[in-house]
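These are my notebook entries on a single chain, written as I looked things up. I keep to what can be read from the coordinates.

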Amino acid sequence: MLAGQRVVADLSAVDEAVYVAVAATPTPTLDLRLRQLSTAANNSKISIAVACGLALVPGRPRRAALVGLASVATASATANLLGKSLARRQRPDRIAGKVPEARHVPMPESASFPSGHTASAFAFATGVASRLPWAAAPLGLLAASVGYSRVHTGVHYPGDVVAGALLGTVAGSVVAGIDEWWPGP
């Protein structure tokens, strides 16, 4: 086995161990809320709702909404059309991982790597924060919570979420950079 393959095998072992540790940690007061958050993040509904609120305010907030949604589109396309088709990582086995049934959300049929929910949430946070710096902390916390909810509900490994966060941050930064060159408010 080559050195690179050993590193990948070791990282995969850590990834699976963290997944199992999250599943084994009793969190009855969080289970329902994290399941609801994970579901609410489907199709970027949370980001779209926040963008709609921002779009009601002329000037920088409206532009931030546009940059945020363009960032989501970029991250979503990259994660779902490119990343998942290249990596083809299987979803976690919730039964083998002993994820409590109270945490379950429907298991997506797409590949696991990277997390599209997380990529989109981080892209939105990064894009909006480029225009509204005060929004970085609350939207970053929301994005991290969405990412964690995907592990908590058993549909992603932690590594999928980390990759999604990185992809989303890069996508949001690229779109924000393009927006700096684009004429507008």
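Entry 1, helix α3. Which helices do the buried residues of α3 pack against? I bear in mind throughout that I am reading a predicted model. I looked up the contacts and found that the buried residues of α3 pack against α4 and α5. The buried residues in question, in a helix that runs over residues 45-55, are Ser 47, Ala 51 and Leu 54. I then checked their directions around the axis and noted an arc of only 60°, which puts them on the same side of α3.

I started with the length of α1: its 22 residues, at 1.5 Å a residue, should span 32 Å, and the end C-alpha atoms are 32 Å apart, which agrees. I next listed Asp 15, Tyr 19, Val 22 and Ala 23 as buried in α1. Because these residues cover an arc of only 100° around the axis, I place them on the same side of α1. What do the buried residues of α1 pack against? I found α6, which covers 136-152, and α7 as their partners. On the face turned away from the buried side of α1, I noted Asp 10, Val 14 and Ala 24 as exposed.

How many salt bridges does the rule give? The count comes to five, and I followed up some of them here.

I began with Arg 89 and Asp 15, whose closest N and O atoms are 2.9 Å apart. Arg 89 sits in the loop between α4 (60-87) and α5 (116-131), while Asp 15 belongs to helix α1 (residues 3-24), so this pair ties together parts that are 74 residues apart in sequence. I checked the cover of Asp 15 and found a relative accessible area of 9%, so Asp 15 is buried.

I turned next to the salt bridge of Asp 160 with Arg 89, where the closest N and O atoms lie 2.8 Å apart. Asp 160 comes from helix α7 (residues 158-181) and Arg 89 from the loop between α4 and α5, so parts 71 residues apart in sequence are tied together. Asp 160 counts as buried because its relative accessibility is 0%. Putting these pairs side by side, I record that Asp 15, Arg 89 and Asp 160 are linked in a network of salt bridges.

I also looked up Asp 31, which forms a salt bridge with Arg 103 at 3.0 Å between the closest N and O atoms. This pair links distant parts of the chain, with Asp 31 in helix α2 and Arg 103 in the loop between α4 and α5, 72 residues apart. Both ends are buried, Asp 31 with a relative accessible area of 10% and Arg 103 with 1%.

Is Ser 38 buried or exposed? I found a relative accessibility of 0%, so Ser 38 counts as buried. Ser 38 belongs to helix α2, residues 28-40. Leaving out residues up to four places away in sequence, I listed its contacts as Val 105, His 117, Ser 149, Arg 150 and Thr 153.

I ended with a nonpolar patch formed by Val 170, Val 174, Ile 178 and Trp 182, which together have about 430 Å² of accessible area.

Terms used
Residues numbered from 1 in each chain as written. Predicted model: local features only at pLDDT ≥ 70, side-chain atom pairs only at ≥ 80, totals over all residues. Heavy atoms only, no water. Helix = DSSP H or I, 4+ residues; strand = E, 2+ residues; numbered from the N terminus. Buried < 20%, exposed > 50% of the residue type's maximum accessible area, 1.4 Å probe, protein only. Contact = heavy atoms within 4.5 Å. Salt bridge = Lys/Arg side-chain N within 4 Å of Asp/Glu carboxyl O. Expected span 1.5 Å × (residues − 1). Arc of directions from axis to C-beta. Patch = residues over 30% accessible without salt bridge, like charges linked within 9 Å, V, L, I, M, F, W, Y side chains within 5 Å. Areas by Shrake-Rupley, 256 points an atom, 1.4 Å probe, with all protein chains shown as cover.
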